[in-house]
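Colleague: I am new to this one and would like to know what stands behind the labels. Please show it first, and then I will ask.

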Amino acid sequence: MSRTPVDAVFCMGNSVPHVPHVLHTRELEAAFRSFSLALGHRGIVVIGLLNYARIDRERDRIVNIRRVGHSEYIRFYDFLSNTRVRFNVLAIDWSGAEPTHRLYSTELRPYAVEEIAYALEWVGFSNVELFSNVALTPYDDASYGATVVARKKAG
């Protein structure tokens, strides 16, 4: 069975740190190898994630609080270790006589943008570039997010 290679792989929305089986570096490298296998000659990979170095440095637990009608959402972190963060969303419903709530949590691996770049290079990507956002603004350690762009090495 033949497969048609793709020109680009996009992994956006801070998805890499949320994938349970990518909590260890070897699994991250395996995922990036699979990206390379899917790509055609000189294909490109684009990875969007949060700037966890800034998040770890500032240690702000509350990400944001938003209210829409009778629903309120509080997004916050629990810093478990240098390789684990729990991301939480507390949903509060104010529509009844008494508020009700539900907590949604997921554990993630807070990869530094440099770790992502190194892993891409390790598995054979080249021209790895770091940006602060999808508009390709030069990377700044103080930025909220990061975008990593790399090309498959010519084979």
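**Labels and their cut-offs**

Modeller: The count comes to 7 salt bridges, where a salt bridge is a side-chain nitrogen of Lys or Arg within 4 Å of a carboxyl oxygen of Asp or Glu. This is a predicted model, so local features need pLDDT of at least 70 and side-chain atom pairs count only at pLDDT 80 or more, while totals for chains, interfaces and linings use all residues. Residues are numbered from 1 along each chain as its sequence is written, and side-chain values use heavy atoms, with hydrogens and water left out.

Colleague: What makes arginine 54 and glutamate 58 a salt bridge?

Modeller: Their closest N and O atoms are 3.0 Å apart, which is within the limit for a salt bridge. Arginine 54 and glutamate 58 are 4 residues apart in helix H3 (residues 52-58), so about one helical turn separates them. Helices here are DSSP runs (H or I, at least four residues), as strands are (E, at least two), numbered from the N terminus.

Colleague: Why is arginine 54 called buried, and why is glutamate 58 called partly exposed?

Modeller: Buried means under 20% relative accessible area, exposed over 50%, and partly exposed in between (1.4 Å probe, protein chains only). Arginine 54 has 11% and is therefore buried; glutamate 58 has 39% and is therefore partly exposed.

Colleague: Which parts does the pair of arginine 84 and glutamate 107 tie together?

Modeller: Arginine 84 forms a salt bridge with glutamate 107, the closest N and O atoms being 3.1 Å apart. Arginine 84 is in strand E5 (residues 84-93) and glutamate 107 in strand E6 (residues 100-108), so the pair ties together parts 23 residues apart in sequence. Arginine 84, at 15%, counts as buried, and glutamate 107, at 36%, as partly exposed.

Colleague: How do you know that the charged end of arginine 109 sits over the ring of tyrosine 111?

Modeller: The rule asks for NZ of Lys or CZ of Arg within 6 Å of the ring centre and within 35 degrees of the ring normal. Arginine 109 has its charged end 4.2 Å from the centre of the tyrosine 111 ring and sits over that ring. Arginine 109 also meets glutamate 115 in a salt bridge (3.1 Å, N to O). With a relative accessible area of 7%, arginine 109 is buried; glutamate 115, with 30%, is partly exposed.

Colleague: How many aromatic pairs are there?

Modeller: The count comes to 4 aromatic pairs. The rings of phenylalanine 32 and phenylalanine 35 have centres 5.6 Å apart and planes at 40°, so this pair is tilted. Rings of Phe, Tyr and Trp (its six-membered ring) pair if their centres lie within 6.5 Å; planes under 30 degrees apart are stacked, over 60 edge-to-face, and the rest tilted. Both residues lie in helix H2 (residues 25-38), 3 residues apart, about one turn of the helix. Phenylalanine 32 is buried at 1%, and phenylalanine 35 counts as buried at 16%.

Modeller: The rings of tyrosine 77 and phenylalanine 87 have centres 5.8 Å apart and planes at 55°, so that pair is tilted too. Tyrosine 77 lies in strand E4 (residues 71-81) and phenylalanine 87 in strand E5, so the pair ties together parts 10 residues apart in sequence. Tyrosine 77 is buried at 4%, and phenylalanine 87 is buried at 15%.

Colleague: Which residues form one aromatic cluster?

Modeller: Tyr77, Phe79 and Phe87 form it. The ring of phenylalanine 79 also has the charged end of arginine 59 over it, 4.4 Å from its centre.
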